[in-house]
Protein chains: 2
Amino acid sequence: MAVVVPLTLIIALVIGVLSIIVAIIFSILILREDPGNEKMVEISGYIEDGAKKFLWVQYRILSIFVLVLFVVILLFLPSDLTSNNVPVISGDMNWEQAIAYIVGSVASMFAGWLGMIIGVKANTRAAQGCTKSIDKGFDVAFFGGSVMGLAVVGSALIGISVIYWIFQTPAVVLGFSFGASTIALFMKCGGGIYTKTADVGADLVGKAEYQLPEDDIRNPATIADNVGDNVGDIAGMGSDLFDSYVASILAAMILANLLMSGASDAVRGTFIIFPIILSSVGLIASLIGILLIKALKTKDPGKLLNFGTYIATFIFAALGALFVWIMILTTDGITDAQIVRMWKDYACVVIGLLSGVLIGWTSDIFTRDDKAPTRNIARSAQEGDAVVILSGFAYGMLSVVPPALGIAVAMSLSYFLDGVFGVAMAAVGMLAIVGTVVSNDAYGPIVDNSRAIAEQGGLGEEVIRIADKLDSAGNTAKAITKGFAIGAANLAVFALLFSYAEDVGVDFTMDLLNMNILIGAFLGVVAPVLFSALLILAVQRNAAKMVDEIRDQFENNLKILEGKEPPNFHSTIEIATKGALRELILPSIISISFPILVGAIFGVAALGAFLVGAILSGFVFAIFMSNAGGAWDNAKKWIEDGNLGGKGTATHKASITGDTVGDPFKDTAGPSINTLLVVMVLTATIFLGLLLLINGGAGWLGQFLTP
Amino acid sequence: MAVVVPLTLIIALVIGVLSIIVAIIFSILILREDPGNEKMVEISGYIEDGAKKFLWVQYRILSIFVLVLFVVILLFLPSDLTSNNVPVISGDMNWEQAIAYIVGSVASMFAGWLGMIIGVKANTRAAQGCTKSIDKGFDVAFFGGSVMGLAVVGSALIGISVIYWIFQTPAVVLGFSFGASTIALFMKCGGGIYTKTADVGADLVGKAEYQLPEDDIRNPATIADNVGDNVGDIAGMGSDLFDSYVASILAAMILANLLMSGASDAVRGTFIIFPIILSSVGLIASLIGILLIKALKTKDPGKLLNFGTYIATFIFAALGALFVWIMILTTDGITDAQIVRMWKDYACVVIGLLSGVLIGWTSDIFTRDDKAPTRNIARSAQEGDAVVILSGFAYGMLSVVPPALGIAVAMSLSYFLDGVFGVAMAAVGMLAIVGTVVSNDAYGPIVDNSRAIAEQGGLGEEVIRIADKLDSAGNTAKAITKGFAIGAANLAVFALLFSYAEDVGVDFTMDLLNMNILIGAFLGVVAPVLFSALLILAVQRNAAKMVDEIRDQFENNLKILEGKEPPNFHSTIEIATKGALRELILPSIISISFPILVGAIFGVAALGAFLVGAILSGFVFAIFMSNAGGAWDNAKKWIEDGNLGGKGTATHKASITGDTVGDPFKDTAGPSINTLLVVMVLTATIFLGLLLLINGGAGWLGQFLTP
């Protein structure tokens, strides 16, 4: 594969390194901030220990898992096995892929570790900042979150650039992406189960049975709850978007490599690094957005966060055009048709980004407390628990329609412009400003924690009010970023699917009229349903254990409730940590074994249809669960703000039921589906060489199920 | 189309007529039974009036709707329009199709009317029967239900046989099926909204706020609730299965006509009527099963109902072989290969039937109160409202997996045996004993009503206990029949989809790698989600109105609660009736316009993929909602039987929340999806001629979205 690696790739590498440097500078600045009084430092210390413990246990298990898969990639995809029917991408590069797999895993773990450590350091400092001004509190929290955003994007870009520079083929980047993806699966599912085990457990006993306020330090699960916010929303969400980000770039690289095989080496090289360059432009845009936010005064923190998103979008669109022009100028022998094509692809990138913003915006409409859906859900709480559930359920389902249309339009337009490569570039565009998205998202748990610490550290009403204001801005931003993340992951897996199909070969079709294809699609549609069911049951089982533990502590030591002795935070953290690990085994096995089984039994075309089915139903369930959960949450908060009778009423109680049902929807099952999809598509791609050995890719039974 | 119509078709006609005669004899016998005391007759009269009113208003609106579609079929599918690219099925026969459309509508309305009228007459008579013995009560209720089962199957078989005899082509039977389908859409959605408006309204105010017991005559919505059981579960379910039944036969007829075009006219004729004959054998088996049940003593009514299903299955398998043999003997010039094919098709029929029983059985496991899922859901009620919802939700999702595998295996095996025609015959087999299924299902609301009448008519504790026993048997049977109905409809729409595809032409493919196909599948997956959301919101909106009305009555007339004056049943019935009609307009428009729009915009291949997507996601949501609802219902009943503390505890209260959420899941949205799917596939098939005129079937935009 004599691909020329253009020197412009150095831009991506430099920007990636710059991003990590900025992240480290931000980290140092945050560590220099005042961590507050002794009580605050103590509580923050508990949270930090819990978070570190979870990461430590997770990473230990993950290391074993990663090593096993390393060996599998090394041994079971040897080039001589696939030499008869060698697909262009997989096979032939197993050593390199296996090493890239390790690198991808480590890069994702590094980003997760740095982001989370700074996140837990930032919380008490942001709370202390609120004692000075809302500006100060916001700054600490926002830059704390930015560390995660910059670490994710920076390490992904560095990893991809370096690997492509060394091995000069997207095939090895596939290994990197698969590494990021398996980490994301563990972090997202594990973190999601952890956070909701603690949250639901703390609410059910502490709030409902003993009427303790939110974040009360007497509640044994309160620290676990705070830890959960960090491991679920910072580490989990970060690794999820790391995963989607790498996958979108990879898909475009693979497609460029395959589709441009007729072009000159120089042109082909330019097209392959095209997605990397545009992603690095997105990182510059995110960086500028982040620094601009620093320059502004914090009147309305929610608007400020969204301003960062919009400004990054705008800067990206403008700078992107400049870089396309530079790439065209620096590519030897590029034809006019190829120049037109690059501009078309640039248009696809912009389409992708705009539709991402649009999808985030519709999620916002369905979950904001000043819009009709959430208001109606809140009002339906007046008719009792059952009606608020039905209402949120129905609006959650309705909310699937606008983003589905958004994705359909984005895919149609970009496909019309430049076929499947256009779709892949739209995915790159949608994920380009992921630095901003992750930053905004990581801001949420930091301010959530600071609010708790402000309360527990006794900083007084006024400071808590400021912390509350910062917290509610986090929730607004979160709704948008979540819609964004799901939409982006969806488009990225579609792009990966196309690269999978191109990889199989020219004559590859997935005609739904063939029974094996239809069965594949059927099983695919069911897979995310099974996966979500297992995650929700996992939360429910663990929360029950948590409930027992909290009740035991209250009953066996009366001094806890009197506030004379601290509860045993260690045991609740232990339950959440161990439970999360135990419960993610089955979902992990499913996500890796299902694609391989379907491909082996029904053939690689059926596997393609399986992936399509899974992507489509996964999209529906992810959006439905996230938005229903978000709307229930905000309906409850709106009632707590004094509407419809406010706190303590039956209406409020019903809205709490809605919120509790929504918790695992929006923070465990819903967002985990993203990582499931990416892992399944990458597993299919990486094991393709092996699957093609079974009756030439027809699978054991596929031949009996075609006309 | 020179197809020979074999004389064996007369068998089907005779059996159909026989079935209607038996239904009428049963009706007369039931009318002769003692209707009980004055109070019972009065209450039963209210129910009858409410049910008749609903039917009257529905049928009046339906007549207009049917006439409009009659004109549409007549004018917009004229043969000269489609002469350039005339599909084998549609086009060319518009007059005949339009008339058959009217006949299909009327036949379905007739079956619904007869079944429901006898159903509402049977309830008070069954209650009176319980004063004599459980046997007597069971007999009246069961034969009351059988009237619906026999009327449905009899009129469907007569309609299909006569239309095929006269017009000698399945194309006209398509019109009949479309007629049945539009009626089913209105009856099922309308009935579903009606029944849950009344049920949820009655529960929320009467039970929750005023602590009235179930079926208390002081509750203004109690009669509407009883009417709802009849219109939703008898008329709605009957028209739904009428619809699936006709659709499955039609699909096999169309495929036989297209696939056997190379065979002699005699053989082709035999294959076309093959599904009709086997369906009539299923009716004989159902009839024998029903009569056998009469001969047995009622120890355990639940087992007796299931015994009827199993015995009908067995008789059908045995008799079916005999009839295949007769058909082979009476077909001139049938080749050995064709004889083997008929036996293979017979095997497909048996496979279909067995997998139907299997699917019903797994639904049973997920909803029975003596199995783990329902027990776990009940136990989770101890942790509050939110946890019982989460648990039911998760088990409902899990319960999708076994029937999905069942359908996948049935489709694979039957496809392996005889391609798409094999799949169509499996659908025929699954629906063959629908007479028994509908009978068992209609038994449910009759005994549910008799229990209410026994209570309200003051028949005493012992009689209520007997009526309760009959009622609980109804619930067990219902779980099985519901799973059965969804599975059968699913297979039937797949068969219809294949006939749609065969109709488009030989070169027709639906390759998911084409963007228009992928977009089609995407929109298809979303369609049932939107549809379900609208239905649930409809129930919620109407129930809110019902709640206001009930509260008004209690507050404005204190004598109602004291039992001195009857409440105004009329106004609650009015709310349920009008609300149901108003709210089904949007879902109806969606189900007919979406397929036409997708076909017109993205082309007929994308429309095929749209249908696949809708069938798959529709299956998931239908099973999930039905089983979650059933499990919540039974978990509540299990707690009410005295487990986990029994009635009046917080656990019981939480289980009621689960049940109320489950109500519109299992009785409105879930089962309505079946009819949505059938209507969409038939709409696509009937408007195919028109859609092929748009850029040769590529649609307005389809050409831009293919490579």
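B:Ala427 touches B:Ser248, B:Ala251, B:Gly352, B:Ala488, B:Leu491, B:Ala492 and B:Ala495, leaving out residues up to four places away in sequence; contact here means C-beta atoms, placed from the backbone, within 7 Å. This is a predicted model, in which local features need pLDDT of at least 70, side-chain atom pairs count only at pLDDT 80 or more, and totals for chains, interfaces and linings use all residues. Residues are numbered from 1 along each chain as its sequence is written, with chains lettered from A and ligands numbered from 1 in the order in which they are written.

B:Ala427 also turns up in the largest nonpolar core, where A:Ala424, A:Ala427, B:Ala424 and B:Ala427 touch the most other members out of 556 residues. Such a core is a set of buried Ala, Val, Leu, Ile, Met, Phe, Trp, Tyr and Cys residues joined through C-beta atoms within 7 Å. A residue counts as buried with 20 or more other C-beta atoms within 10 Å of its own, as exposed with 12 or fewer, and as partly exposed in between.

B:Ala312 sits in helix 8 (residues 301-329) of chain B; helices are DSSP runs (H or I, at least four residues), numbered from the N terminus. With 29 other C-beta atoms within 10 Å, B:Ala312 is buried. Setting aside neighbours within four places in sequence, its contacts are B:Ala285, B:Ser286, B:Gly289, B:Ile433 and B:Thr436.

Now for a helix pair. The axes of helix 15 (residues 515-556) and helix 18 (residues 585-602) of chain B come within 11 Å and cross at roughly 175 degrees; axes are lines fitted to C-alpha atoms over the stretch in contact, with angles from 0 to 180 degrees between N-to-C directions. The two helices are therefore roughly antiparallel, the label for angles over 145 degrees. Their contact has 13 nonpolar, 2 polar and no charged residues. Nonpolar covers Ala, Val, Leu, Ile, Met, Phe, Trp, Tyr, Cys and Pro, charged covers Asp, Glu, Lys and Arg, and the others, Gly among them, are polar.

As for the two copies, chain B can be laid on chain A with an RMSD of 0.0 Å by a turn of 180 degrees and a shift of 0.0 Å along the axis, superposing by least squares on C-alpha atoms of residues with pLDDT of at least 70 in both. The copies are thus related as by a two-fold rotation axis. The contact takes 61 residues from each of chain B and chain A. On the chain B side, helix 15 gives the most, with 17 residues, and that side divides into 45 nonpolar, 13 polar and 3 charged residues.

Technical notes:
Two residues are in contact if their C-beta atoms, placed from the backbone, lie within 7 Å. Angles under 35 degrees count as roughly parallel, over 145 as roughly antiparallel, 65 to 115 as roughly perpendicular and the rest as oblique.
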